[in-house]
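Here are my notes for your first look at this model. Keep the structure open and check each point as you read.

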Amino acid sequence: GGRAVCEAVSIPVIGDGDTGYGGVLNVRRTVEGYARAGFAGLTIEDQTFPKRCAYAKGVQVVPFGEALERVRAAVKARDELRERSG
């Protein structure tokens, strides 16, 4: 998995956090899990569920407010992880 990739290379690894795997709490959990695995960062998409191929017709994104909540949750999780690790 991701941990093995992060341990196998000497460069920062950015993971695919999908949509954060749910709501705001899931985004926080996703950020924490990726950080524990050793990822330097991750991307989080703004598509609605169920996701579609980005090139397919009918792709929809979440409202701006929800996307903003996801970003804020991810940043808060990152900041809390930094505080805990010193």
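1. Start with the aromatic residue Phe39. Phe39 is buried, because its relative accessible area is 18% and buried means under 20%. Bear in mind throughout that this is a predicted model.

2. Now find the partner of Phe39. The structure holds 1 aromatic pair. The pair is made by Tyr34 and Phe39, with ring centres 5.0 Å apart. Their planes stand at 40°, so the pair is tilted. Tyr34 is buried too, with a relative accessible area of 17%.

3. Turn to the helices. Helix α2 covers residues 24–37, and helix α3 covers residues 64–85. How do their axes meet? They come within 8 Å and cross at roughly 40°. The crossing of α2 past α3 is right-handed.

4. Look at the residues that meet there. From α2 come Val24, Val27, Arg28, Val31, Glu32 and Ala35. The α3 side includes Glu69, Arg70, Ala73, Ala74 and Lys76. Also on the α3 side are Ala77, Arg78, Glu80, Leu81 and Arg84. What kinds of residue make up this contact? There are 8 nonpolar and 8 charged residues, and no polar ones.

5. Take Val24 by itself. Val24 sits in helix α2. Is Val24 buried or partly exposed? Val24 is partly exposed, because its relative accessible area is 31% and buried means under 20%. Leaving aside neighbours within four places in sequence, Val24 is in contact with Glu69 and Ala73. Both of these residues belong to the α3 side of the helix contact. Now compare sequence with space: Val24 and Gln47 are 23 residues apart along the chain, and their C-alpha atoms are separated by 14 Å.

6. Finish with Thr19. Where is Thr19 found? Thr19 lies in the loop between β1 (14–16) and α2. Thr19 counts as buried, because its relative accessibility is 11%. Which residues does Thr19 touch, not counting those up to four places away in sequence? They are Val27, Ile44, Glu45, Gln47, Lys51 and Arg70.

Conventions. Residues numbered from 1 in each chain as written. Predicted model: local features only at pLDDT ≥ 70, side-chain atom pairs only at ≥ 80, totals over all residues. Heavy atoms only, no water. Axes fitted to C-alpha atoms, helices over the stretch in contact; angles between N-to-C directions. Helix = DSSP H or I, 4+ residues; strand = E, 2+ residues; numbered from the N terminus. Left-handed = near helix turned anticlockwise from the far one by under 90°. Contact = heavy atoms within 4.5 Å. Nonpolar A, V, L, I, M, F, W, Y, C, P; charged D, E, K, R; others polar. Phe/Tyr/Trp six-rings, centres within 6.5 Å; stacked < 30°, edge-to-face > 60°. Buried < 20%, exposed > 50% of the residue type's maximum accessible area, 1.4 Å probe, protein only.
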